[in-house]
Amino acid sequence: MTAQIISGTEIRKAILGEIKEEVDQMKEKHGKVPGLVTILVGSSPASISYVTLKVKTAISLGFHEIQDDQPEDISEKELLALIDKYNNDPDIHGILVQLPLPKHIDDKKVLNAINPDKDVDAFHPVNVGRLMIGGDEVKFLPCTPAGIQEMIVRSGTETSGAEVVVVGRSNIVGKPIAMMMAQKGVGANATVTIVHTRTKDLASHCKRADILIVAAGVPDLVKPEWIKPGATVIDVGVNRVGMNEQTGKAILKGDVDFDAAKEIAGKITPVPGGVGPMTIAMLMKNTLRSAKLSLGMS
Ligand code: NAP
């Protein structure tokens, strides 16, 4: 049987529609809209394209959006002063600094200077700690893990009591999604295993998974025979494996051998069109949440 494809493109569309509705209501009731500032330092083409997409999405939702582009040679002190300005701006609910920053700037120092209540990327140690505590403590979830959890929930996958195996232990994907799936609550209550390069017998762990989340950055790492029949497979990996000479665009592949895996899994995310499109939607959701919290809305 061929697996149900969990489309990140479709789910993102639904989420952005829900956000737009809430923004319209907020505007009508409170005369306010969520405010997001995106700070881009320098002119790396990849960073420009990420920022442009974020800005376009924010504008399409009716957010108050400031695109604050700064030259490559901005000093760390000047950048910290800029963050301080937005920390104190009541119309800004989310501050996003596009990474990577130039070498002369300590990105940890910069990210830690963002007010945790405006840290919509959820990279600040305070928000990492809140995620660990769980429940009402959590203000924002990191965007990629939040997108993964949303896909699991919206695809109707049962998580309570499920065996979840997470391949990868990075701070931006593996560790947070593992913690989120182990928490008490909707889309969680799972029994979680994290595996990595030092794990003995990766295959045997993957084979146990009712929900297999793969974030390793290794094309086709997960073989079809590692997948439990009927499992939900979330492929976070985005690997450039070549160039399409006709379109000039990169050929992308996930960490799972998709064509073979879809014949065994119950549900599976594609690459591209899976987890990737979800991240920006969750960033917008965090900014909306920040605005709601600032207005005393739940
Ligand atoms: P990362 O920081 O490089 O971490 C990769 C993790 O995978 C590490 O913990 C590593 O183990 C583990 N790993 C690597 N090779 C392995 C192997 N052969 N067997 C077992 N474990 C292995 O990567 P990341 O930032 O989490 O990103 C992972 C992938 O997701 C990348 O392809 C990235 O492009 C993609 N990604 C996509 C999105 C999105 O779509 N929005 C967002 C973020 C990341 P060790 O710790 O032992 O080294």
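User: Which residues of helix H5 (residues 125-133) are buried?

Analyst: In this predicted model, Asn-127, Arg-130 and Leu-131 are the buried residues of H5.

User: Why are they said to line one face of the helix?

Analyst: Viewed along the axis of H5, the buried residues lie within an arc of 100 degrees, so they line one face. The face turned away from the buried side carries Met-132 and Ile-133, which are exposed. H7 is included in what covers the buried residues of H5. After H5 comes Gly-134, with a positive phi near 80 degrees.

User: Why is Lys-118 called buried?

Analyst: Buried means under 20% relative accessible area. Lys-118 has 9%, so the term applies. Lys-118 sits in the loop between helix H4 (107-113) and H5.

User: What does Lys-118 touch, leaving out residues up to four places away in sequence?

Analyst: Lys-118 touches Tyr-86, Asn-87, Asn-88, Asp-89, Ile-92, His-93, Gly-94, Ile-95 and Phe-140.

User: Where is Thr-232, and how do you know whether it is buried or exposed?

Analyst: Thr-232 is in strand E8 (residues 232-235). Its relative accessible area is 4%, and the limit for buried is 20%, so Thr-232 is buried. The side chain of Thr-232 also makes a polar contact with the side chain of Thr-157, at 3.2 Å. Apart from neighbours within four places in sequence, the contacts of Thr-232 are Ile-6, Thr-157, Asp-210, Ile-211, Leu-212 and Lys-267.

User: How many residues are in the largest nonpolar core, and which have the most contacts inside it?

Analyst: That core has 45 residues, and those with the most contacts inside it are Ile-19, Phe-63, Ile-148, Ile-213, Ile-234, Val-236 and Met-284. Elements giving two or more residues to this core include helix H1 (8-30), helix H6 (143-154) and helix H10 (278-294). H10 gives the largest share, 8 residues. At least three residues of this core come from each of domain 1 (16-129 + 279-294) and domain 2 (140-276). A second, separate core of 19 residues includes Val-195, Leu-202, Ala-203 and Trp-226.

User: Which residues are in contact with Met-284, leaving aside its neighbours within four places in sequence?

Analyst: They are Leu-16, Ile-19, Leu-36, Lys-54, Thr-57, Ala-58, Leu-61 and Phe-63.

User: How many residues of domain 1 and domain 2 are in contact?

Analyst: 16 residues of domain 1 are in contact with 12 residues of domain 2. The centres of the two domains, taken over C-alpha atoms, are separated by 27 Å.

User: Which residues come nearest to the ligand?

Analyst: Of the 20 residues around the ligand, the nearest are Arg-169, Ser-170, Thr-197, Val-238 and Thr-279.

How values were computed
Residues are numbered from 1 along each chain as its sequence is written. This is a predicted model: local features need pLDDT of at least 70, side-chain atom pairs count only at pLDDT 80 or more; totals for chains, interfaces and linings use all residues. Side-chain values use heavy atoms; hydrogens and water are left out. A nonpolar core is a set of buried Ala, Val, Leu, Ile, Met, Phe, Trp, Tyr and Cys residues joined through side-chain atoms within 4.5 Å. Buried means under 20% relative accessible area, exposed over 50%, partly exposed in between (1.4 Å probe, protein chains only). Helices (H or I, at least four residues) and strands (E, at least two) are DSSP runs, numbered from the N terminus. Domain bounds come from an automatic or database domain assignment. Contact means heavy atoms within 4.5 Å. The arc is that of the directions from the helix axis to the C-beta atoms. A residue is near a molecule or strand if one of its heavy atoms lies within 4 Å of it. A polar contact is a pair of N or O atoms within 3.5 Å; within protein, one must be able to donate a hydrogen and the other to accept it, and residues adjacent in sequence count only if both atoms are side-chain atoms.
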